[in-house]
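The following paragraphs lead through selected parts of a structure. Please keep the sequence and the coordinates in view while reading.

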Amino acid sequence: MKATIAAGAGAAMPQLTKAGDAEKTNTMYIAAYDTESARCLEACRKIVEVHKRLEMPATFFIVGKTLDANPKEYKELLTNPLFEIASHTWSHKMLRDNVFCGPAVSADEKREEIFRGKEMVERTFERPCLGVRPGCSFDDGLRGAVDVLKLIGEAGLKYVSSLAWGPDYSMPALLREPFNYAADGFADLWELPCHGWHENLLKNNNGWGPRRLTLWPPVMPEAIPSKFVKTPEDEFAVNRIFIDRALDRNKPFVSLIWHPWSLYKFDPEMKMLELTFAHVHKIGLKPCTYADLYKQVSGQGDTISHA
Ligand SMILES: [Zn+2]
């Protein structure tokens, strides 16, 4: 399986995108949600409804404190073979410096973020938590952050999803491929990035207003809208650029950066999800979870349960 991914990384074999050739792709699609505030519960109810109806798998990265506020509700809602539950740390504190979100916290706090976040997921859902996505994430993942990698390894986590920005903390995050942290001494720990825009920024849902967010010269100019998106269709049009490019470039996977609270505020009917999932099905990407992707890239399992 590793060989498949490596070949996918370097090969410039064009993929045909018309429906008739859809079955030839190996590109996977992961719907994933950074679940991180009180407003996420109501949003997740709506999200789960769409996923069940369309039989679309998903990974929910959940902040420990958010889960701790409503453990019964989340357990009931998200216990489903379609869903993987992973950690979004204990309380969303920074595991390393982030230009926009602030400096790294102390060593003790980093430990708490990683260990307590994982424990909360495992205690609630009574199954192993394989991965963690740090709050805000970083432009080079956790490369060089040996103290953090050590804690993550010690906690028994198998993957991190910590690369969520383009070069120099720009948006969008490019279509980066999985890699392991062998260069930092952690060959068994995998980075499984995420792609595109933090959708909350695309809509000004953080209330930041105009910010110095994009790179010049841009790597994907077509993926930088000239203004905040206003409708679910606008948002889908941006999503589609990343999804289609992942297929055209034969990337191992594509996964956009979504937040239940922000999706719900913008589009309570979750029309964007329907548009995006219909497109994913139409072009023949293989829906799966981050756990499935981890199993494939690490060779720890050779089947995708949601193919
Ligand atoms: Zn977050």
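Which residue just after H6 takes a positive phi? Gly 156 does, with a phi of about 85°. The model is a predicted one, in which local features need pLDDT of at least 70, side-chain atom pairs count only at pLDDT 80 or more, and totals for chains, interfaces and linings use all residues. Residues are numbered from 1 along each chain as its sequence is written.

Helix H6 spans residues 146–154; helices (H or I, at least four residues) and strands (E, at least two) are DSSP runs numbered from the N terminus. Within H6, the residues Val 148, Leu 149, Leu 151 and Ile 152 are buried, a term that requires 20 or more other C-beta atoms within 10 Å of the residue's own, with C-beta atoms placed from the backbone. These four lie on the same side of H6 because they cover an arc of only 160° around the axis, the arc being that of the directions from the helix axis to the C-beta atoms. An α-helix has 3.6 residues a turn, so residues three or four places apart point the same way.

The buried residues of H6 pack against helix H5 (107–125) and against the strands E5 (131–132), E6 (159–160), E7 (179–181) and E8 (186–191). H5 and H6 meet at an angle of about 35°, and their axes are 10 Å apart; axes are lines fitted to C-alpha atoms over the stretch in contact, and angles run from 0 to 180 degrees between N-to-C directions. H5 contributes Ala 107, Lys 110, Arg 111 and Ile 114 to the contact, and H6 contributes Asp 147, Val 148, Leu 151 and Ile 152, where contact means C-beta atoms, placed from the backbone, within 7 Å.

Strand E4 (residues 83–87) is largely enclosed by the rest of the structure, because 5 of its 5 residues are buried. Phe 83, Ile 85 and Ser 87 are buried on one side of E4, and Glu 84 and Ala 86 on the other. E4 pairs with strand E3 (residues 58–62) in the parallel sense over 5 bridges; pairing requires at least two DSSP bridges between two strands. In this pairing, Thr 59 stands opposite Glu 84.

Ala 291 counts as buried because it has 25 C-beta neighbours inside 10 Å. Ala 291 and Val 132 are 159 residues apart in sequence, and 11 Å apart in space from C-alpha to C-alpha.

Methods:
Buried ≥ 20, exposed ≤ 12 C-beta atoms within 10 Å, placed from the backbone. Contact = placed C-beta atoms within 7 Å.
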